[in-house]
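Biologist: I would like to learn how to read a model of this kind, feature by feature. Could you take me through the general idea each time, and then through the case at hand?

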Amino acid sequence: MSISASEWGALLPVAIPALAGSLIPLAALDRDQETVKWVRGGAFFIALLGLLGSFLYVSRLWGTGAQPTFGHLRMDLLAQFSAIFVLVAAAMTVLQLWDHLHHEGWVKGESLALLMLSVAGMLVFTATTNLVTLFLGLELLSIPLYALTAQVRLRASALEGGLKYFLTGAVASACFLMGVVLLYTVTGSFELPRVASALRGLGPDPLALAGMALVLLGFLFKVSAVPFHQWTPDAYEAAPHPIAGFMSVATKGVAFIALIRVFPWALGDGTAGEPKVKAALALAAAATMIVGNLVALHQSSVKRMLAYSSISHAGYLLLGLLAGTPQALTGMLFYLVAYLAMNLGAFGLLTALGLVGDQTGFDRLRGQGWKRPGLGIAAAICFLSLAGIPPTAGFYGKYFIFKELILTGHVGLAVLGVLASLVSVGYYLRVLKALFLEKPVEAEERQAAEQPQVLAPLAGATVLVCAFITLAGGFFQGPLVQRFAERAIAETLKVLP
Amino acid sequence: MFLAFAILTLAGALSVLWQRNLILAGMSLVLSFLGLAGLFVLLANPVAAALQLIVYSGAIVVLVLFVIMLLNTHQEEPAERERPIQRWLGLASAALLGVGAVGAVLASPAVEGLKAAPASAMTLQGLGAALFRDHLLGFEVAGLLLLAAMVAAVLLVKKEV
């Protein structure tokens, strides 16, 4: 069997990171900490090269407007959009990992290989309308993340968090698979367009409804929506900061993009189960916003606070799915890009300050903003954007979603969303207060003076880039939305049933 | 015939749950898989039955049993704090789920429609075509998945230096 040039076009964006992921373990065969720096650098270089190659290839596809396919893999514009999204997030994560793992003294080449394989899984996950391939992509993106969460295993808490994530994730995957099987039972197909048309022809069928609910459960677990959120704070706390950032941004992002493909059209609209699915989504979104924001207020660790904040952001994004208009989905894509910048910036701040292990309390941040003003201000921009304060990108993301929500008649949920984001200002400002308005603890100050200055040039640079993207997204939101997000949604909607 | 295999499968599965000795639990799992293989044969799918026997009973369960034997602890440890309410709640929710599942299958019009569909026997040739033509991408992704699992295991147990 030969593969044509156009089929290679669909395959290459996935194959390049996968190839890099297969090569890196070879560079990590030796004893890690004692290898010379250039061997470790080589592994990081291969990872970055793989991401860059895939990025250049996908952006060329985007430029020409080509949408190649290979079997069940459809590199359409939405898939290309999410590929670029994932690759940028992964590149920033690799840069931050270099600094963070050296601070921890725990550099393992395998973690980069797993990150690359997870990226390949994400690209498959967002580029298919076949339920079996969707499941395989889901597993390929999750299994490396379980190990990445637990990788710094000298801490017992890392293993605990990783195991919690693994067990709950395995149950969620099993539920997703059971849902796929039930949908196949009632419709006789794994292809989403055919599943959708068969579901529309079907009357109210309990098996179809159970299948839809179980598939939805798998997605809601991945975006950490309430009530499937309990793993989030523990897993984020256990994971190295850059991995936690990557999990919150990329996993959530691809899960939402896959939901855009799978839900409103394919499984929601026009089926007998539509009102129930919509009601369940609305309930989950409301609960996610309320629980995420209220619990985040009472955290003493910045990382746990960011975990609950990421739960609450999943709530806002679910609202966009509920509105379901093309404009709302465009808004979701914009929001995801803004979220990528501001959340990776927030986790990057922890890395850049060299806070390893469980030293992630708010008091660790005290006065750090004045010590390193560039970093402090860049991080402040990211946190203000997370809180949704204009003119940052985070504000416009929420604005697009809430506007469509009101236009489609969900006024109550929109009001709840606005109130929730008002509450969120409280805990994001706590970070800024610690950074700029509070004096550092004296004992720690003395301790810090004895140790050499923490250097994290790469992580610091990523925070600056994140702040830049956040601001640029705020000031040029109109052209950005039109050129990228709208194009991806409009082209994809044409081929959906 | 169906009832015999179904009872074999269920009995094996239940005994996995109840058995405190891990070796015996593993053996019961083999019993359950045997019943499952019988069910596949009844469904005119001898390929799946053979794979079930060779791959699951023959390879995976045996591997798991080897690991258990190497671990030296064949007895399940008792819980630190017994909470009878958990057991009852678990039993009740399992019963509810079972009744709900049976009810859903009986009430589903789509399942009624399946009865009319003719059953064609699955052949090895058909399986090969499905795997390497229709689902080639999935096959490759599954390969990557195994690589990822292996690298993940190495990352988690690699010797500290």
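**Reading a predicted two-chain model**

Modeller: Let us begin with a single residue and its contacts, bearing in mind that this is a predicted model. Setting aside residues up to four places away in sequence, Ala285(A) touches Gly315(A), Leu318(A), Leu319(A), Leu322(A) and Leu413(A).

Biologist: In which helix does Ala285(A) lie, and why does Ala285(A) count as buried or exposed?

Modeller: Ala285(A) belongs to helix H11 of chain A, which covers residues 274–296. A residue is called buried if 20 or more other C-beta atoms lie within 10 Å of its own; Ala285(A) counts as buried because it has 27 C-beta neighbours inside 10 Å. For a sense of distance, Leu19(A) is 266 residues from Ala285(A) in sequence, and their C-alpha atoms are 38 Å apart in space.

Biologist: How should I read the overall form of chain A, and what does its radius of gyration say?

Modeller: Chain A has 20 helices and two strands. Its radius of gyration is 22 Å, close to the 23 Å that the globule rule gives for 497 residues, so chain A is as compact as a globular protein of that length. Its C-alpha atoms fill a box of roughly 70 × 55 × 45 Å along the principal axes, and 62% of its 497 residues count as buried. If one takes the contacts in chain A between residues at least 6 apart in sequence, 81% join residues at least 24 apart.

Biologist: Which residues touch the most other members of the largest nonpolar core?

Modeller: The general idea is that in soluble globular proteins nonpolar side chains tend to be buried together. Here the largest nonpolar core has 207 residues, and those that touch the most other members are Ala47(A), Val86(A), Ala89(A), Met116(A), Leu140(A) and Met332(A). Helix H13 of chain A, residues 326–352, gives the largest share of this core, with 19 residues. Apart from this core lies another, of six residues, among them Ala25(B), Leu36(B), Ala37(B) and Ala49(B). As for Ala89(A), its contacts, leaving aside neighbours within four places in sequence, are Phe246(A), Val249(A), Ala250(A), Leu340(A) and Leu344(A).

Biologist: How many residues does each chain give to the contact between them?

Modeller: An interface is read one side at a time: the contact takes 41 residues from chain A and 25 residues from chain B. On the side of chain A, the elements that give two or more residues are helices H1 (5–27), H4 (109–126), H5 (131–149), H6 (156–187) and H8 (206–222). The largest share of that side, 10 residues, comes from H5(A). By class, the side of chain A that touches chain B has 23 nonpolar, 10 polar and eight charged residues.

Key
Residues numbered from 1 in each chain as written. Chains lettered and ligands numbered in written order. Predicted model: local features only at pLDDT ≥ 70, side-chain atom pairs only at ≥ 80, totals over all residues. Helix = DSSP H or I, 4+ residues; strand = E, 2+ residues; numbered from the N terminus. Buried ≥ 20, exposed ≤ 12 C-beta atoms within 10 Å, placed from the backbone. Contact = placed C-beta atoms within 7 Å. Nonpolar A, V, L, I, M, F, W, Y, C, P; charged D, E, K, R; others polar. Rg over C-alpha atoms; globule rule 2.2 N^0.38 Å. Core = buried A, V, L, I, M, F, W, Y, C linked by C-beta atoms within 7 Å.
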